Amino acid sequence: NTMPIHTKHSEYEKFSSRWDEMEDALDEQDTIRGKRETYLKATSGMIDDNYANYESYINRARFPGITRKALTGIIGLLFEKDPEGVTDDIVTRSGQANLELAREVTRSVAAYGRSVLVVDAPKPNEDGSGGGTPYIARYHPKKLINWKVNPDNTSELLLAVFEEDQPIQNPEDQYVHDTVKRFRRYTKVNSVVEL
């Protein structure tokens, strides 16, 4: 009985709710208000026929954004001086140089406890021509949903499954922004990583 591709690693399940809370804390106070009972519990005195007292409480609630300010301060302190090896070389497909990528990786590790980077390159043609320069693809920490490592060498990754939101192309409505879940799987077979 095989598990479906969207199966999540047990560590992912363990930390997922913490990552959601961190994401909310790093966002604006409207996010906290919008999650209502998750963060702003209603007391018995707030509950009336139409929840008017609770709605008033929600509208008055303030979330000062201390988490975002603390994270910005940490990154500022860490990168007060440029680290060694800084270049203007572009290392990601989105056009980031290594310093900008280092800041984003540090921000991700400080906020979520991990950062997910994949080194990739366009495949060469059958005759060996083509291909391309390797680049770094950065994923949000919550997008790596499952993984396996070699039990004899835990630094060797054998499986990585990423959850992606792929835009749906709708020629009849160019203004729609619907997406569909898609999964990208990397497996290591005979020392070669296959997509």
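These legends accompany close-up views of a predicted model. Local features need pLDDT of at least 70 and side-chain atom pairs pLDDT 80 or more, while totals for chains, interfaces and linings use all residues. Residues are numbered from 1 along each chain as its sequence is written, and side-chain values use heavy atoms, leaving out hydrogens and water.

**View 1. The largest nonpolar core has 22 residues.** Such a core is a set of buried Ala, Val, Leu, Ile, Met, Phe, Trp, Tyr and Cys residues joined through side-chain atoms within 4.5 Å, where buried means under 20% relative accessible area with a 1.4 Å probe, protein chains only. Look for Tyr139, Leu144, Phe162 and Tyr186, which touch the most other members. β4 (153-167) is among the elements that each supply at least two residues, and its four residues are the largest share. Helices (H or I, at least four residues) and strands (E, at least two) are DSSP runs, numbered from the N terminus.

**View 2. Leu144 and its contacts.** Leaving aside neighbours within four places in sequence, Leu144 is in contact (heavy atoms within 4.5 Å) with Tyr12, Arg114, Val116, Ala160, Val161 and Phe162.

**View 3. β1 and β2 run antiparallel.** Five bridges join these strands; pairing takes at least two DSSP bridges. Here Val116 stands opposite Tyr139 in β2. Tyr135, Ala137 and Tyr139 form the covered face of β2, and Ile136 and Arg138 the uncovered one. In a regular strand the side chains alternate between the two faces of the sheet.

Note on methods. Buried means under 20% relative accessible area, exposed over 50%, partly exposed in between (1.4 Å probe, protein chains only).
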